[in-house]
Amino acid sequence: TANIKASQIQQMLQQQSKKRVTCKKLSNVMAKLCPSENEKASSEEFIDFLEKVEGDGGVVDWEEDPDGSLKSLFLTSSKMKTAFRSANPPLVQLDTSFNFERAMYKLAAFAYLDTNTNKTEIAAFSILSQETASSIEFSLNNFSKISMRQDVILMVDKDFTEISTIRKVFPNAIVLLCFFHVIKYIRGLVSKVLVKQDMKDDIFQQFQKVLYSRSVEVFEKENKAFLELV
């Protein structure tokens with residue numbers, strides 16, 4: 001309103017905070033505070049896109065928060081749905097990216113190996129305002145409608161809310177934990193244990209032996225040794 005240039009605001013912020021403020025970051029903040037006509041046009045384009053996806057035979061479903069803002073959005077195109085059902089994969093990985101855009105929504109993807117193309121494909125997307133049990137259940141319920149299997153194997157990270165919700169929507173599913181996320185989680189726990197570093201190393205190494213057990217017998221042996229350490 002005062003006709004102040006972005007460069008002037010940038011200079012003032014840098015003087016007061018003693019930190020470098022990039023013009024790009026400043027522009028993003030200003031765009032968020034003062035939505036432009038371009039953003040309005042982008043919203044209309046997105047709505048047109050969703051209507052086209054649904055009109056072409058895809059699935060678009062959403063739910064709102066009490067204040068009317070978007071809580072969850074489930075999306076799969078006709079092509080994505082057809083390819084997924086044709087492959088009928090036994091295993092699907094559900095992974096979530098955080099804060100992938102300015103409004104801080106989460107993007108969840110249902111990924112699988114398409115044996116027809118031997119490539120990783122996406123069966124569906126979900127956009128979530130928060131990873132709550134109700135939002136995850138909303139996405140999983142929609143995913144169950146396009147899945148040919150109710151006994152699907154679902155690989156997830158260490159999110160226990162996600163795991164319990166999967167077992168609610170897919171009672172016959174097998175839930176597997178991603179090795180990377182499990183190792184990262186346990187490494188963080190072990191780092192907080194009030195023992196010497198050598199002991200921490202022993203605990204983590206023994207946990208890895210448990211994790212990579214190739215049989216029930218080996219697992220029971222290594223898990224017993226792990227429990228004795230902790």
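**View 1. Helices H8 and H9 pack side by side at an angle of about 160°.** In this predicted model, H8 covers residues 197-211 and H9 covers residues 216-229, with 8 Å between their axes. That angle makes H8 roughly antiparallel to H9 (the label goes to angles over 145 degrees). Axes here are lines fitted to C-alpha atoms over the stretch in contact, and angles run from 0 to 180 degrees between N-to-C directions. Helices are DSSP runs of H or I with at least four residues, strands are E runs of at least two, and both are numbered from the N terminus.

**View 2. Here's where H8 meets H9.** On the H8 side you'll find Met199, Asp202, Ile203, Gln206, Phe207, Lys209 and Val210, and they meet Phe219, Glu222, Asn223, Ala225, Phe226 and Leu229 of H9. Contact means heavy atoms within 4.5 Å.

**View 3. Asn142 sits in helix H5, residues 133-146.** Asn142 counts as buried because its relative accessible area is 4%, and buried means under 20% with a 1.4 Å probe, protein chains only. Setting aside neighbours within four places in sequence, Asn142 touches Val59, Asp61 and Phe74.

**View 4. Stepping back, the chain has nine helices and seven strands.** Of its 230 residues, 31% are buried. Among contacts with a separation of 6 or more, 45% link residues 24 or more positions apart.

**Notes.** Residues are numbered from 1 along each chain as its sequence is written, and side-chain values use heavy atoms, leaving out hydrogens and water. Local features need pLDDT of at least 70 and side-chain atom pairs count only at pLDDT 80 or more, while totals for chains, interfaces and linings use all residues.

Key:
Parallel < 35°, antiparallel > 145°, perpendicular 65-115°, else oblique. Buried < 20%, exposed > 50% of the residue type's maximum accessible area, 1.4 Å probe, protein only.
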